[in-house]
Amino acid sequence: MPDLVIETHGLIRRFGEFTAVDGVDIAVERQQFYGFLGPNGAGKSTTIKMLTGLLRPSAGELVVLGYDMSKDAVEIKSRIGVVPEGLALFERLTGPQLLDFIGRMYGLSRETSKQRTGELLDFMELSSSDDKLVADYSHGMKKKIALAAAIIHRPEVLFLDEPFEGVDAVAATFLKNMLHRFIERGGTVFLTSHVLEVVERLCTHIGIIDKGRIVANDSIANLRAGVTVQGVHDSPVTLEQIFLSIVGGGKDKSGELQWL
Amino acid sequence: MAVKISPFEQVRLLAGVRWQVFRNNLRAKHKKVGLIWDTLTYVVLGLIQLGTSFGFVMMGYFAGKQGKTTLLLITFWVIFAIWQLVPVMVEGSSPGLNFAEIVRYPISFNLYFFLASIYGFVDIIAIACNGWLLAIWLGLLTANSNMAFQAVPSFLLFLLLNLFLNRWAFAFLERVLSTRKGRERMLVFIFAFSFTMQIFGNVIAPRMGKWLQENKDSFGWLIPYVKQVLPFLSWIIPPHIAQHGIMGPLTERLSAWAILVVMILFCIWRYRKKLWLTYSGEIYSESNRASGTTDRRLGWKLPLVSGRISAIVQKELLYIKGQPQMIYNMAVPLFLGLVTIFRAPIQNQKVGFFNFSSTGSAGSHMFLTYFCVFIMSGFSYNMLGMDSTGYLRWLLAPVRMREVLIGKTLTAALLMCIDFVLISALVIYVKGFDSWGTPAVIVAFFALMLYMLGLSNVLSVVWPKKVAEFTLKRKPVDQKSVGVAFLMQFLIVGFMFLVSFIGRWTNRPWLPLAVAIFFLPLTAFLYYLSLNFAERRIERKSEELLLELT
C-alpha cells in the first residue's frame with residue numbers, strides 16, 4: 001500500500017456558472033517531487049488553493065497526510081508548508097522578526113522559534129540583512145525568506161507555487177539543493193512552475209491539468225514512454241514536448257505578427 | 001522601425017490616458033456608495049471654492065475702491081502660503097509622484113519639463129489658487145479698471161513664481177520620497193510640524209504675547225533695527241514684491257517685475273536641474289541601502305493570552321512602530337488633552353504660566369475619552385487591510401481567524417488604554433476627581449472601546465481595503481466604513497449626552513455611571529458576536545476577501 005500524503009477524488013470548484021476545477025483526482029506519495037503543470041487559466045492555482053486550505057471545494061474529497069480537509073484543516077495546515085503565489089509576507093517586518101513570528105504562529109516555543117530563525121537566516125544567507133524590512137528585499141531574497149517561512153515548523157509536505165519565478169541561477173541552484181535535501185529526509189514537494197526545464201530536472205512525477213481536468217498524471221519516465229512526438233525519433237522527448245502534445249499548444253503561428 | 005511621433009501628439013496621448021484613467025476609476029466604483037461619496041466630496045469642494053472665491057472678489061473690489069494694495073497683500077499672502085505649503089504637506093507623504101513614470105516613454109527632456117510644469121496647474125490646490133487670483137483680479141477690475149490692468153504683470157508673474165517654486169519643491173520631494181525611509185521621515189516631520197504649530201498657537205503664543213506686552217519696555221531698543229530691516233524684506237518676499245508691482249511709480253513697478261522674473265528664472269533653473277536627475281533615472285533605490293545584523297531577541301509572552309496571540313500583538317506593535325500615521329493617531333488625543341486642559345482664558349489669568357480652571361472634570365474627561373476611542377479605533381476599521389499580501393499568511397497558518405482578530409483588537413485596546421490612562425491622569429491631576437463623573441467615564445471608556453472594536457471586526461470584513469503604504473492622501477480605510485462608524489459614533493455621543501443631561505436635570509448624578517455599568521456587559525457580548533460574524537464571513541467570502549486584500 002503506497003504511503004499517500006495528498007489524495008483527491010473528484011475535486012470540483014465552481015465560481016458561479018464557471019467550473020475552474022472539474023473532478024480532479026491526484027495521488028502523491030511520500031518523498032515524491034510532484035510537478036503540477038498546466039497552461040494559464042487551467043485551474044492550477046485553484047487546485048493548490050484547495051490543497052492548502054485557502055479555498056473550500058464545491059464537491060469532492062480532499063485528504064492530506066491522512067486528514068480530511070473539510071474536518072481537520074487546522075491540523076493539516078500545521079503539518080504543511082506553503083510558498084504561495086505572491087509570497088504572502090508581512091513586508092513591514094525585518095527578516096528575523098518575520099521568521100520568528102511565523103514560527104510562533106505554527107506553535108513553536110519562543111526558544112525554538114528564535115533558534116530556527118537564526119539557523120534559517122544563516123542558511124539562506126540572509127543574516128547580513130537582519131535590519132532590513134522584507135519590503136526592501138530583492139525578489140530573490142523574498143523568495144528565500146518565503147521558503148524559510150514555509151519550512152520553519154518542519155512540515156511534512158511543501159507546496160510551492162512558482163518558486164523559481166524571477167530567481168537568479170545562483171539562488172535557484174541553492175533552492176533546488178535545499179528541496180532535494182528535504183525529500184531525502186522524508187519530505188514531499190508539490191510544485192507548480194512554468195519553467196518546464198526546472199520541473200523536468202527536479203520532479204519525479206508530473207500531473208498536467210487543462211481546462212480544469214487532469215489530462216496526465218504519472219512518473220516522467222512513463223509519460224515519456226507514452227508520448228510520441230512528430231519528427232522526434234531517437235532522442236528522448238522533453239517535458240516541453242510532452243506538455244505541448246498533451247495540452248495541444250503546438251499550433252503553427254509563424255504566419256502571424258508579420259510586422260514584427 | 002518605430003514611427004516618429006510629434007511632441008504635440010505625445011501631449012494629446014497623455015491627456016487622453018489621464019481622461020481614460022479618470023473614467024475607468026469612476027467605472028471601477030461599482031459599489032454606488034463610493035461614487036456617491038466622491039461626488040459629494042467634489043460638490044462640497046466646489047462650493048468651498050465658490051464661497052472663498054466670492055470672498056476674494058470682494059477683497060479685490062474693496063482694494064480697487066480704496067485704491068490701496070494693503071488688502072491685496074493679504075490675499076497674496078494667503079494664496080502664497082496655501083499654494084506652497086498645502087500640496088507639499090499632502091504630497092509629502094505620498095509614495096512617490098507618479099508623474100515621474102512617464103520618463104520611461106520616448107519623450108525629450110524639454111517636453112518632460114514642459115509636461116511636469118503643466119502638471120503643476122492641475123493640482124487641486126493650484127486650481128483653487130489660480131481661481132482665487134482670477135477672482136481678486138475680477139473684483140479689482142469691477143472697482144478700478146486702471147488699477148486692474150496695471151496689476152496684470154504682477155498677477156501673472158506672481159502666478160508663475162508660485163507655480164515654479166512649487167514645482168521646484170516637488171522635484172526635491174520626488175527625490176526624498178523615492179525611498180520608503182524618506183517618505184516615513186517626511187511624514188514624521190509633517191506630524192511634528194503640525195503638533196508644534198498647534199501647541200505654539202494654542203498654549204505658548206497667547207502666554208508669550210501677554211508676557212511680551214507686559215515687558216515691552218525692555219525691547220524698545222530693537223524697534224529702530226526692525227524699522228530698517230522691514231523695507232528690505234518687502235523686496236525679497238514674493239507677496240510683497242507682487243504688491244510693489246501694482247501701484248506706485250513706474251520704476252518701483254518695473255523693479256518689482258524684474259525681481260519676480262529673476263526669481264522665476266532661478267526657480268526654473270533649480271527645477272530643471274532636479275528634474276534632469278529624475279529624467280536620467282537618478283532615483284535612489286531602497287534595496288541598495290547598506291544593512292547589517294541585529295540582536296535577535298526572544299519573542300514576547302503576554303500574561304493571560306496564548307503564545308500565538310502574544311506573537312500577533314508583538315507583530316502588530318512592530319507594524320505600528322513603523323507607521324508614523326498610527327503613532328500620530330495615538331498622539332492626537334494626548335495633544336488635544338494638553339491643549340484643552342492648558343489652554344487658559346488669558347484675560348482671567350491669575351496664577352503662573354500654566355493656570356487652569358478647576359471646574360468639574362467629567363465633561364472634559366468624557367470629551368477626551370470619546371476622542372481617544374474614536375480616533376484610535378479609526379485604523380481598526382480595516383485591520384486586515386494593513387497586512388496587505390500578508391493577509392494570506394493568516395489563512396495558511398494553523399490558526400483560527402478569531403485568534404487573529406482578538407490579537408489585533410487586543411493591540412488596539414492596549415494602545416487605547418495607554419492613552420486613556422494618560423488622559424485620565426492629566427484630567428484628574430488638573431481638574432480633580434469627580435466622585436460620580438470619573439467612575440462613569442472609566443466604565444463608559446471600556447464599554448465604548450469594546451463597542452468600537454466589535455464594530456471594527458465587522459467593518460474589517462465587510463469593507464476590506466488593501467493598504468500597501470500609509471500616506472496622508474490615500475485613505476487607509478474604505479470610506480463606507482468611515483461613514484458607518486461616524487454614524488455610530490454620532491448616535492453614541494448623542495445618547496451619552498442625553499444621559500448626562502437627564503442625570504443633571506433630574507439631579508441624579510449617578511445616572512451616567514449606572515447606564516455605563518448596564519451597557520458594559522452588553523458591549524462585551526456584542527464584541528463576542530462580532531467575532532463570530534467576522535469569522536463566518538471570512539470563511540464564506542474567502543475568495544472575495546483574498547481578491548480585495550492581496
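The contact between the chains takes 38 residues from chain A and 33 residues from chain B. This is a predicted model. On the side of chain A that touches chain B, the elements giving two or more residues are α2 (73–79), α3 (95–105) and α4 (110–123) of chain A. The residues on that side divide into 15 nonpolar, 11 polar and 12 charged.

Start with chain A as a whole. Chain A holds nine helices and 10 strands. Its C-alpha trace spans about 60 × 45 × 40 Å along the principal axes. For 260 residues, a compact globule would have a radius of gyration near 18 Å; chain A has 19 Å, so the value agrees with the globule rule. Of the 260 residues of chain A, 49% count as buried. Take the contacts in chain A between residues at least 6 apart in sequence: 66% of them join residues at least 24 apart.

Now the strands of chain A. Four of them form an open sheet, in the order β2-β1-β4-β5, and the pairing is antiparallel. The edges are β2 (18–29) and β5 (67–68) of chain A. Each edge strand has a single partner strand, so one side of each is left without a neighbour in the sheet. Inside this order, β1 (residues 4–15) and β4 (residues 59–64) of chain A pair in the antiparallel sense over five bridges. One point to look for is A:Thr8, which stands opposite A:Leu62 in β4(A). As a rule, strands of a sheet pair through backbone hydrogen bonds, either parallel or antiparallel.

Move on along chain A to another pair. Strand β9 (residues 205–210) and strand β10 (residues 213–219) of chain A pair in the antiparallel sense over six bridges. Here A:Gly207 stands opposite A:Asn217 in β10(A). The two strands, β9(A) and β10(A), form a hairpin with two residues between them. In the turn, A:Lys211 has a positive phi of about 50 degrees.

Chain B has another make-up. Its secondary structure comes to 19 helices and zero strands. Of the 550 residues of chain B, 34% count as buried. Among contacts in chain B between residues at least 6 apart in sequence, 84% join residues at least 24 apart.

Last, the packing. In soluble globular proteins, nonpolar side chains tend to be buried together. Which residues touch the most other members of the largest nonpolar core? They are A:Leu98 and A:Ile145, in a core of 141 residues. Chain B takes part as well: helix α16 (residues 437–462) of chain B gives the most to this core, with 14 residues. Setting aside neighbours within four places in sequence, A:Ile145 is in contact with A:Leu89, A:Gly95, A:Leu98, A:Leu126, A:Val134 and A:Tyr137. A second, separate core has 50 residues. Among them are B:Leu72, B:Leu133, B:Trp137 and B:Ala169.

Technical notes: Residues numbered from 1 in each chain as written. Chains lettered and ligands numbered in written order. Predicted model: local features only at pLDDT ≥ 70, side-chain atom pairs only at ≥ 80, totals over all residues. Core = buried A, V, L, I, M, F, W, Y, C linked by C-beta atoms within 7 Å. Buried ≥ 20, exposed ≤ 12 C-beta atoms within 10 Å, placed from the backbone. Helix = DSSP H or I, 4+ residues; strand = E, 2+ residues; numbered from the N terminus. Contact = placed C-beta atoms within 7 Å. Pairing = 2+ DSSP bridges. Nonpolar A, V, L, I, M, F, W, Y, C, P; charged D, E, K, R; others polar. Rg over C-alpha atoms; globule rule 2.2 N^0.38 Å.
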